[in-house]
Amino acid sequence: MMTRLILSLGLLLSALAAQADTVRMAVTTSFHNSGLADVLLPEIARDTGIEVQLLVVGTGQALRLGAAGDVDAVLVHSRSAEEAFVAAGHGTRRVPLMYNDFILVGPAADPAGIADTGTAAEALTRIATAGAAFVSRGDDSGTHKAELALWSAAGIAPEGAWYKPVGAGMGAALNTASGLDAYVLSDRASWLNFGNRGGLALLFAGDPALFNQYAFLPVNAERHPHVQAGAVARLESWLLSDRAREVIDGYTLGGEALFVYNAGE
Amino acid sequence: MGDLWAGLAQGFWMVATLDPELVEITLRSLRVTLTALLIASAIAFPLAALLAVKRFRLRRLTIAILNALMGLPPVVVGLIVYILLSRSGPFGVLGLLFTPSAMVIAQVIILVPLIASVAHQSLRDLWSEYHDLLIAMNVTPWQKITTLMWDARRALITAALAGFGRGIGEVGAIMIVGGNIDHATRVLTTAIALETGRGDFALALGLGFVLIALALAVNLVTHWLGQTEREGRW
């Protein structure tokens, strides 16, 4: 009797789970915070009939979800991790889609004087030399990896009381930086959408080293047969269409264009 | 302080205008937690009564484990349920991950030890009063359990309310196994975490006040239905 109960419960639960033409996509917090999804998803639903369900996590967790087959596709921004993901056979290919840029945010008074520097490496060197508080994501996300790459390009191993890895998402890291009056590396979209700025201001941007490339990775359907490969292929061809270019390039926040579409370039 | 007032105002407006998104996530919160509560109570109440009535070798150990599990970190429960339900995990074929069902499963695991521990405490006290009488009447163990559970029904409702409180406010586990997907698995607590991350404290607080009001309403309705504060002791 007990086994039958458990069996019928399981059947009931899986019946609730079944849905048609839904694609689950793991995306990074920075992509979601940009607000582009709110414009993009309705367009995708209208043109293709696909309902895209977003799981908003860090790049590290997004790739893990893809490797386990728990999502159908991944949209992240960390080239080396993406290439490793495809090389390991978890994803079929890496489709570069668009980029935005990272910015350095810090206390408006700028105690380390990074606003008038020429490169991101120089700006980080000044922060380290001044020992000014710096909040790091510390969560193995794309932004965190980009930050670590910038430190190593500057030839600095960031450690000490001034360097504060918070192990949290972009918004939480910005909240912490706002509370501590600390410097922080953020993607532009999250910053523009961020409501609790306190004494923080955008201090440095524009170095090509700060460009932030997003790529779309379909999860390998040979390894995970339940993946919605057909719907993902339709989604991918939509993302590579002129319609997607129009929507992504046309998205602005506070009068600023956020993303530059560069698929197929 | 300004954020608090803005949050109160925002929460009030969302309720007053019956904001469709708010209604949707509130109903989902209630659906997930009440389903989990129902299943957890069905497991925990008989278990608590059994532990009060029956004497067996591992009884003390079971009680100790139940009490210890009350402090189970939801994040850990979430992670374990995630690994079990993942497509690469043992129950992956069911396809339950990132659905409300997965959230119900995680909450059942969190709620059972809490409800069973609280219920066992009152059932044990009642059992010490009923023990001689029920033994003298020579009733079956099943009759003992049902008698205890019926006569302690108000205490059991309190135990269930404690479980409801923990479930409706829980975020760690359902964030991991539900994924906070808009229009699919987003509930009040995960929406609050999301808005906090975006730095929109007013909206996060507004949702928080809605959550508090909801918990209060459920408690009041339960007490009113059970007329807990009217009769004598029970």
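Reply: Start in chain A of this predicted model: α3(A) and α10(A) sit roughly perpendicular to each other (65 to 115 degrees; under 35 is roughly parallel, over 145 roughly antiparallel, and the rest oblique). Here α3 covers residues 36-48 and α10 residues 229-239, with an angle of about 115° and axes 11 Å apart (axes are lines fitted to C-alpha atoms over the stretch in contact; angles run from 0 to 180 degrees between N-to-C directions). Helices are DSSP runs of H or I, at least four residues, numbered from the N terminus. The crossing is right-handed, with the near helix turned clockwise from the far one by less than a right angle. A:I44, A:D47 and A:T48 of α3(A) meet A:R234, A:L235 and A:W238 of α10(A), contact being C-beta atoms, placed from the backbone, within 7 Å.

Now hop to chain B, where α1 (residues 2-16) and α10 (residues 201-226) cross at roughly 60°, their axes coming within 7 Å. That makes α1(B) and α10(B) oblique to each other, and this crossing is right-handed too. On the α1(B) side you'll find, among them, B:L4, B:G7, B:G11 and B:M14, while α10(B) brings residues including B:F201, B:L205 and B:F209.

Residues are numbered from 1 along each chain as its sequence is written, and chains are lettered from A and ligands numbered from 1 in the order written. Local features need pLDDT of at least 70 and side-chain atom pairs count only at pLDDT 80 or more, whereas totals for chains, interfaces and linings use all residues.

Technical notes. Helices (H or I, at least four residues) and strands (E, at least two) are DSSP runs, numbered from the N terminus. Two residues are in contact if their C-beta atoms, placed from the backbone, lie within 7 Å.
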